Amino acid sequence: MILEIVSPEAKLFSGEVTSVSLPGVNGSFQILNFHAPIVSTLKQGSLKITAPSFKLEKEIENKFNRVNDQNYTLDINSGTIQKKDNKVIVLVD
């Protein structure tokens, strides 16, 4: 599935991912390929992203924490997520 992470300053990430775990206001949840459509708000916490490969631009690379070659995290204050047609868009603060 395609994941896009956008902040007020810039697009932080856009690419193919295997899964993304998010800190929802009613509890953490994970989205995998072909997950049902969903819209949710997010609270402060970490996005956990799993992907076959990561291509981060130099300017924003320091915002992400590398766990290993296929897993990264991104700390957020709040946000909103929409999953539709196997594309996840996350708006974060």
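Author: Read along the sequence, the protein chain follows the pattern β-β-β-β-β-β-β-β-β-β, where strands (E, at least two residues) and helices (H or I, at least four residues) are DSSP runs numbered from the N terminus. This is a predicted model, in which local features need pLDDT of at least 70 and side-chain atom pairs count only at pLDDT 80 or more, while totals for chains, interfaces and linings use all residues. Residues are numbered from 1 along each chain as its sequence is written, and side-chain values use heavy atoms, with hydrogens and water left out.

Reader: How many helices and strands is that?

Author: The secondary structure comes to 0 helices and 10 strands.

Reader: What share of the residues is buried?

Author: Buried residues make up 39% of the 93 residues, with buried meaning under 20% relative accessible area, exposed over 50%, and partly exposed in between (1.4 Å probe, protein chains only).

Reader: Take serine 19, then: buried or exposed?

Author: Serine 19 is buried, with a relative accessible area of 7%, and it lies in strand S3, residues 19-24.

Reader: Which residues does serine 19 touch?

Author: Leaving aside residues up to four places away in sequence, serine 19 touches Met1, Gln30, Ile31, Leu32, Lys48, Ile49 and Thr50, where contact means heavy atoms within 4.5 Å.

Reader: Changing topic, what about the backbone at phenylalanine 34?

Author: Phenylalanine 34 has a positive phi of about 60° although it is not a glycine. Most residues other than glycine have a negative phi. Phenylalanine 34 lies in the loop between strand S4 (27-32) and strand S5 (38-42), and at 70% relative accessibility it counts as exposed.

Reader: Where is aspartate 85, and what is its phi?

Author: Aspartate 85 is in the loop between strand S9 (79-84) and strand S10 (87-92), and aspartate 85, which is not a glycine, has a positive phi of about 55°. Aspartate 85 is exposed, with a relative accessible area of 70%.
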